[in-house]
Amino acid sequence: MPASPDTSKTVKLERYNSYLRKLHSTKVLNASSKLLFRVTLLIALVLILFFTINYPPLSDNPHHVPPHHQHHHSFLSTSLFSATSAGGSAWEKQVRHSSTPRRPNGFSVLVTGAAGFIGSHCSLALKKRGDGVLGLDNFNNYYDPSLKRARQNLLSKHQIFIVDGDLNDGPLLTKLFDVVPFTHVLHLAAQAGVRYAMQNPQSYVSSNIAGFVSLLEVAKAANPQPSIVWASSSSVYGLNTENPFSERDRTDQPASLYAATKKAGEEIAHTYNHIYGLALTGLRFFTVYGPWGRPDMAYFFFTKDTLQGKSIDIYQTQDQKEVARDFTYIDDVVKGCLGALDTAEKSTGSGGKKKGAAQLRVYNLGNTSPVPVGRLVSILEGLLYTKAKKHVITMPRNGDVPFTHANVTLAYKDFGYKPTTDLATGLRKFVKWYVTYFGIQPRVKKETQHTDKSG
């Protein structure tokens, strides 16, 4: 019988190959597990970073957030917004939710400068009555952005979303109008301040002229076109000597670049109304003050400097007369803004083409009772229980005017504008907000507590 072939070597070889295959499979599996773990960890870290930047924890005292954190958040959130958020489904959902009215026939209003002083107050008033409100603000550093972020936090508690963006970002504005058919625009975004124009003139041209044109360009092409109410300024009266200031008075002698850009805005509004049928209403504000106000305004930094024991400069005219202002309380101005929105007619254009004559208006919104700046300081001294260190000087030639005085007859006639808050009452409300916001213990309380202990 022939001998059977020796298969032991073959069996051993197959077993060895099987072992190598198992070993290779195990290594591949381990490598794949490690790679999956690392990818998962990386994704988790990216998500944590994203939500940390875009959704910072809200605080009951948002002004206590360190300024460097505020700037960090603003820069990164703007970058992420531009790169990933604009047009995203979550972003569009926020935009639509914020701008949807909750009352029958309610407005859908785009408020530019919504994190600003007047913008934040108007946004809250519109939302509270059931209108839809979407904000737009670039959170610039003209004054401390942390105050603007604090206003943003306040608005967010009332379901008002503010888009972090610039008026000169045409694609962003176009996207907003594509997502929301705005019925109205309340355009309050601007580079404010008379004196700062001497330091940074280009910022006024960029915001007050180029930014306004950018907004009007998008609005004219919208379908439907919105009605637009926008912030002009009492500064347009410039060197006008008529008293009180009426909308019929000349406004061709601006005393500052800021005033010139606002006057230019009124002429630009006329042009877009005439060519494209946009309904436009300009509001000339007279020295607006109150809670959540602007730190660059005299009443605000007078309060700060008086409490800190610093001297304050009080201007007088070249002929030694007191400078006076028609101080207007924020609540009165808000009523005027809403009155202008409520009486704004629809624009008549469509797709950038005018179909008929459209409404074009300009109104003064003031208090009708000028008060010398010295009297303002006296009221603050009484409210703060602190004597101010006054330094009276002649007004420099920096664009300021010696007095302002509003005639509001036209606004009263057309939408019932009637200011009701005197300066003493308005400043009392401002000081109450100021000491609460900045965590200052009023001296009156300290004195009262000292008296109670003595007794």
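How many bridges join strand E2 to strand E3 (residues 161-164)? Four, and the two strands run parallel. The model behind this answer is predicted.

**Overall picture**

The protein has 14 helices and 15 strands. Of its 455 residues, 48% are buried. Among contacts with a separation of 6 or more, 82% link residues 24 or more positions apart. The exposed surface comes to about 23300 Å². Carbon and sulfur atoms supply 57% of that area.

**Strand E2**

E2 spans residues 132-137. Six of its six residues are buried, so the strand is largely enclosed by the rest of the structure. Both faces are covered. Gly132, Leu134 and Leu136 lie on one side, and Val133, Gly135 and Asp137 on the other.

**Neighbours of E2**

E2 pairs with E1 (residues 108-112) through five bridges, again in parallel. Ser108 has Gly132 of E2 as its bridge partner. From E1 the chain passes through helix H4 (residues 117-128) to reach E2, a right-handed β-α-β crossover.

On the E3 side, Gly135 stands opposite Ile162. Helix H5 (residues 145-156) sits with E2 and E3 in a β-α-β unit, which is right-handed too.

| Strand pair | Bridges | Direction |
|---|---|---|
| E1 (residues 108-112) and E2 | five bridges | parallel |
| E2 and E3 (residues 161-164) | four bridges | parallel |

Conventions
Residues numbered from 1 in each chain as written. Predicted model: local features only at pLDDT ≥ 70, side-chain atom pairs only at ≥ 80, totals over all residues. Heavy atoms only, no water. Buried < 20%, exposed > 50% of the residue type's maximum accessible area, 1.4 Å probe, protein only. Contact = heavy atoms within 4.5 Å. Areas by Shrake-Rupley, 256 points an atom, 1.4 Å probe, with all protein chains shown as cover. Pairing = 2+ DSSP bridges. Right-handed = clockwise from strand over helix to strand, strands pointing away.
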